[in-house]
Amino acid sequence: MEKYKQEFIDFMVESDVLKFGDFTLKSGRKSPFFMNAGAYQTGSQLKRLGEFYAKAIHDNYGDDFDVLFGPAYKGIPLSVATSIAYYNLYGKEIGYCSNRKEIKDHGDSGILLGTKLEDKTRVVIIEDVTTSGKSIEETYPILKEQGDVEIVGLIVSLNRMEKGLNSNKSALEEIRGKYGFRTAAIVTMDEVVERLHNKKVRGKVVINDEIKDALDKYYQQYGSSDNLGQFIADF
């Protein structure tokens, strides 16, 4: 596993973004882990988060894109922090763009903030985590309304590797199949377990054998079709 992925996993735990225990998700599922990207709250955290995203984007998409699009509202700071980090790390100017929830009809009018999108603009969509694909259903038409925009791909921080409510495919799989662009994550849940099982972060074992057993059972029930076998095989 790449060093930046190991550091990102530790960073999520240290920032109280990724937690393990007993949680009830919006879907009603009982989950042994929970991710709350809203726990990134400080300048230093956003600086590091942007750097992790930038490294993952560079690994997955190279430099062949022009703009980072962060859907409102959580995607706005992600697109800004990552565009800054991308320039600092790789020396390339990347524009940022986000949508407004309501169209502004005066001054800097329209539905978009930041870089103007037009024909042939190459866009990477950036989000915290995708569980249902609903945000892409809203984002995709907004992007396409701007012209012949090329969506290079989607990047999220964590691939939960679990099936949706209506199929055995993960949200990232469904998005890839429906819209035809690539999807990627900084890390996957199998990488999280590989990094944290019986290892200490801040002097404490985050995933002990009991939590590991709960994760195995969760993915036996809810693991997505392309990732379940790999998750179990790794451990």
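Predicted model: local features only at pLDDT ≥ 70, side-chain atom pairs only at ≥ 80, totals over all residues.
Visitor: Let us start with E127. Where is it?
Guide: E127 sits in the loop that runs between β6 (122-126) and α4 (134-144).

Visitor: Is E127 buried or exposed?
Guide: E127 is buried, because its relative accessible area is 8%, and the cut-off for buried is under 20%.

Visitor: Which residues does E127 contact, leaving aside neighbours within four places in sequence?
Guide: E127 is in contact with Y53, P71, L78, S135, I136, L154, I155, V156 and S157.

Visitor: What does the side chain of E127 make a polar contact with?
Guide: The partner is the side chain of S135, at 2.6 Å.

Visitor: And how far is E127 from E173?
Guide: Computed along the sequence the two are 46 residues apart, and their C-alpha atoms are 15 Å apart in space.

Visitor: Let us turn to α4. How does it pack with α5?
Guide: The axes of α4 and helix α5 (residues 171-179) are 11 Å apart, at an angle of about 30°. Angles under 35 degrees count as roughly parallel, so α4 is roughly parallel to α5.

Visitor: Is that crossing left-handed or right-handed?
Guide: The crossing of α4 and α5 is right-handed.

Visitor: Which residues make the contact?
Guide: From α4 they are I136, E137 and Y140, and from α5 they are I175, K178 and Y179. By class, the residues of this contact divide into 4 nonpolar, no polar and 2 charged.

Visitor: What about the helices α1 and α2?
Guide: Helix α1 (residues 3-14) and helix α2 (residues 43-61) have axes that come within 11 Å and cross at roughly 145°. The crossing of α1 past α2 is left-handed.

Visitor: Which residues meet there?
Guide: On the α1 side they are Y4, E7, F8, F11 and E14. On the α2 side they are Q45, R48, L49, F52, K55, A56 and D59.

Visitor: How many of them are charged?
Guide: The contact of α1 with α2 has 5 charged residues, along with 6 nonpolar and 1 polar.

Visitor: What is R202 in contact with, leaving aside neighbours within four places in sequence?
Guide: R202 is in contact with V13, E14 and D16. Its side chain reaches the backbone oxygen of V13 at 3.3 Å. The backbone oxygen of E14 lies 3.1 Å from a polar atom of the R202 side chain.

Visitor: How far apart are R202 and R48?
Guide: R202 and R48 are 154 residues apart in sequence, and 18 Å apart in space from C-alpha to C-alpha.

Visitor: Is R160 buried or exposed?
Guide: R160 is buried, with a relative accessible area of 9%.

Visitor: Which side chain does the side chain of R160 make a polar contact with?
Guide: It is the side chain of E162, at 2.9 Å.

Visitor: What else does R160 touch, not counting residues up to four places away in sequence?
Guide: R160 touches L25, S31, F33, V129, T131, M189, Y218 and Y219.

Key
Residues numbered from 1 in each chain as written. Heavy atoms only, no water. Helix = DSSP H or I, 4+ residues; strand = E, 2+ residues; numbered from the N terminus. Buried < 20%, exposed > 50% of the residue type's maximum accessible area, 1.4 Å probe, protein only. Contact = heavy atoms within 4.5 Å. Polar contact = N/O pair within 3.5 Å; in protein donor to acceptor, adjacent residues only side chain to side chain. Axes fitted to C-alpha atoms, helices over the stretch in contact; angles between N-to-C directions. Parallel < 35°, antiparallel > 145°, perpendicular 65-115°, else oblique. Left-handed = near helix turned anticlockwise from the far one by under 90°. Nonpolar A, V, L, I, M, F, W, Y, C, P; charged D, E, K, R; others polar.
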